[in-house]
Amino acid sequence: MRKSRVHKNEKNPVWQRRVKRRVCRRVLLFTDSTIDDQSLVEYDIACSLVHAVMLRKQRIISASESLKIKNGLNKILNDFKRGKFRLATELEDAHMNVEFQLKKEIGLIAEKLHTARSRNDLIATELRMYCRDAVKKILKVILELQKVLLNQSTKYQDVIIPGYTHLQPAQPILVPFYLASYFYKFQRDFEQLALLNKWVNVSPLGSCAFAGTSIPIDRRFLAKRLGFNKICENALDGVSDRDFLIDVLYYITRLMLHISMLTTDLIIFSTNEFKIVEFDDAVVTGSSIMPQKKNPDVCELLRAKSAKAIGNLTGGLVIIKGITSSYNRDLQELKPILFNQIKECLECLNILMVVLLNTKFKSNEDWQKKPDFICATDLVEFFVKNGYRFRDIYNLIAECIRESNGEIHNFIHLLSCKTKFPHEIITEKMKPEFSVRFKISEGSTGFKNVRQSIKEMKRYMVKNLQRMRDKF
């Protein structure tokens, strides 16, 4: 057996012998990825364990060699979990740190582990495994968030609040109708992240540097053992493809935008001008100079996090845009972007649940029972059902609103005079509680439809749970 000329305790980049001089320390630090690779150590060891089994199966190494490699890797894994194994900057990344440590544990047999593989296909595989697990975690938290939205919808199912377009009072709606609109946004996030698993769960392992290998390996065995659905069909594509990573960044960004929209609503609704929601003291902060303030800082930070998510997505796209095919070191910079995006997404989903659980929707009984211009559309529809052409009555009501100078009783009097309908009937049709009670179209804010929507949301929850069990 050929012996290594490098002392087993001497830490050098694996390619050191290709160059005459030691690499500058500042260059090593600049190219170092060990800080980011902490998140990949367990995946690296998992790939190595399966690779060693495959090498034995293919008679490329002996059974005893495979067993020694397996035992050594398991010891490194245990040491890592207990904080005893740390990545060294001199060895560049997780892959070489594991190989170096394995040589310390079992000797020169460790040098056989890298047969028929490259760091290029290793990192591509490990990132896919990381994304696969990360998406599963996000899906679980989305389910928890949907449960909170469902519970709040049930709790406030009879509460009427103003609905807005252009941030102007538009039509009365029920609280569960409003909350369901976000339930379905998050449902789309759930479904599309779940579908993404089809493209994430593809194994590049065995692609080697980018052109494959002359050694008789079994790529399908590797893929099956690591839980992949299939292998990539082209080695060059396998090591260079980061479409799956960009897709993860995109769908997480869209999820973060939904969080931003919801928290922006809550910030506005909590103001004294709107008085639609009230935050519990547990989720607000105060002012250092204005003693009366209760600030929705958590919601504001959640809104700002979406901007960072957009920045991460943009950064990822630009990195991919600027490189040639096959592996380029630029791809290293995608790792911190991905890890940060996943971490912040999970944090934001969890803190959003805390906010929603500590949010009270206010019921304004007095407002619900009095005529209000917010019901003007209901008034138009009432006259349409009584034989008026839509545009004619729309124009007439608009003229009466203008002529009344925003005074509701003046408006009722004007409209009554012009249509010959009694004041009492017009007054009744302009009450928010009337508006909500008589909405009948499918998917509307009517009491019956909202109760049906709550049932539908429960069915989605059951389907989502089943999907998690079947696919993950």
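How many helices and strands does the secondary structure of the protein come to? That was my opening entry, and I noted 19 helices and six strands. A reminder to myself: this is a predicted model.

**Overall form**

Next I looked up how spread out the protein is. I found a radius of gyration of 31 Å, while the globule rule gives 23 Å for 472 residues. The value is well over the rule, so I wrote down that the protein is more spread out than a compact globule. I then checked the box that the C-alpha atoms fill, and along the principal axes it is roughly 105 × 50 × 40 Å.

I asked what share of the 472 residues is buried, and the answer is 49%. For the surface, I noted about 24,300 Å² of accessible area. Carbon and sulfur atoms own 53% of that surface.

I also looked at contacts between residues at least 6 apart in sequence. Of these, 77% join residues at least 24 apart.

Then I turned to charge. I have 77 positive side chains in my notes, along with 53 negative ones. I looked up the centres of the two sets too, and they lie 8 Å apart.

**A stop at L222**

L222 sits in helix α8, which covers residues 219-225. Is L222 buried or exposed? I count L222 as buried, because its relative accessibility is 0%.

Which residues does L222 touch, leaving aside those up to four places away in sequence? My list reads V50, H51, M54 and L205.

**Cysteines**

My last search was for disulfides. A disulfide is a covalent bond between the sulfur atoms of two cysteines. Across the whole structure I found zero of them.

For C299, which is in no disulfide either, I noted the nearest cysteine sulfur in C348, 11 Å away.

Key: Residues are numbered from 1 along each chain as its sequence is written. This is a predicted model: local features need pLDDT of at least 70, side-chain atom pairs count only at pLDDT 80 or more; totals for chains, interfaces and linings use all residues. Side-chain values use heavy atoms; hydrogens and water are left out. Helices (H or I, at least four residues) and strands (E, at least two) are DSSP runs, numbered from the N terminus. The radius of gyration is taken over C-alpha atoms; the globule rule is 2.2 Å times the number of residues to the power 0.38. Buried means under 20% relative accessible area, exposed over 50%, partly exposed in between (1.4 Å probe, protein chains only). Contact means heavy atoms within 4.5 Å. Accessible areas come from the Shrake-Rupley method with a 1.4 Å probe; for residues, only the protein chains shown count as cover. Lys and Arg count as positive and Asp and Glu as negative; His and the chain ends are not counted. The place of a charge is taken as NZ of Lys, CZ of Arg, CG of Asp or CD of Glu. A disulfide is a pair of cysteine sulfur atoms within 2.5 Å.
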